[in-house]
Amino acid sequence: MEACKDLKAKYDRCFNEWFSEKFLHGIYDDSECADLLKLYTKCVAQAMKDQNINLDEVNIAHLGTEHEKKN
């Protein structure tokens, strides 16, 4: 979604830096990127709504149900 491209890039950079410089060294607090993730998630949700993509259909759990077995 083009509208969220910049936010995704910022979050990806933040996450990659946190993962390589902190998580892999035993520091598990990921709060530095939490605000960016919230903004990015909100942007994606709005872009999906703008494109008439039903968020409820995307969030349906299929694993372990009869829906999972359908082709």
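Lys 22 is partly exposed, with a relative accessible area of 24%. Here buried means under 20% relative accessible area, exposed over 50%, and partly exposed in between (1.4 Å probe, protein chains only). The model is predicted: local features need pLDDT of at least 70, side-chain atom pairs count only at pLDDT 80 or more, and totals for chains, interfaces and linings use all residues. Residues are numbered from 1 along each chain as its sequence is written, and side-chain values use heavy atoms, with hydrogens and water left out.

The side chain of Lys 22 meets that of Glu 32 in a salt bridge, at 2.0 Å from N to O. Lys 22 lies in the loop between α1 and α2 and Glu 32 in helix α2, so the pair ties together parts that are 10 residues apart in sequence. Glu 32 is partly exposed, with a relative accessible area of 47%. A salt bridge is taken as a side-chain nitrogen of Lys or Arg within 4 Å of a carboxyl oxygen of Asp or Glu. Helices (H or I, at least four residues) and strands (E, at least two) are DSSP runs, numbered from the N terminus.

The structure holds two salt bridges. Asp 12 pairs with Lys 8 in one of them, the closest N and O atoms being 2.6 Å apart. Both residues lie in helix α1, four residues apart, about one turn of the helix. Asp 12 counts as partly exposed at 28% relative accessibility. Lys 8 is also partly exposed, with a relative accessible area of 37%. Side chains of opposite charge can pair when their charged atoms come close.

Two disulfides are present, each defined as a pair of cysteine sulfur atoms within 2.5 Å. With bonded cysteines counted along the chain, the pattern is 1-4, 2-3. Cys 4 and Cys 43 form a disulfide with their sulfur atoms 2.1 Å apart. This pair links distant parts of the chain: Cys 4 sits in the segment before α1 and Cys 43 in helix α2 (residues 31-50), 39 residues apart. The torsion about the S-S bond of Cys 4 and Cys 43 is about -95°, so this disulfide is left-handed. Cys 4 counts as buried at 2% relative accessibility. Cys 43 counts as buried at 17%.

A disulfide also joins Cys 14 to Cys 33, at 2.0 Å from S to S. This pair links distant parts of the chain as well, with Cys 14 in helix α1 and Cys 33 in helix α2, 19 residues apart. The link of Cys 14 and Cys 33 is left-handed, with -95° about the S-S bond. Both cysteines are buried.

Helix α1 spans residues 5-21 and includes Phe 15. Phe 15 counts as partly exposed at 32% relative accessibility. Phe 15, Phe 19, Phe 23, Leu 24 and Tyr 28 form a nonpolar patch on the surface, with about 490 Å² of accessible area together. Patches are made of residues with over 30% relative accessible area and no salt bridge; like charges are joined within 9 Å, nonpolar side chains (Val, Leu, Ile, Met, Phe, Trp, Tyr) within 5 Å. Accessible areas come from the Shrake-Rupley method with a 1.4 Å probe; for residues, only the protein chains shown count as cover.

The protein averages a pLDDT of 87, and 92% of the residues score at least 70. pLDDT is the predictor's confidence in each residue, from 0 to 100. Confidence is highest in α1, at 96, and lowest in helix α3 (residues 55-58), at a mean of 72.
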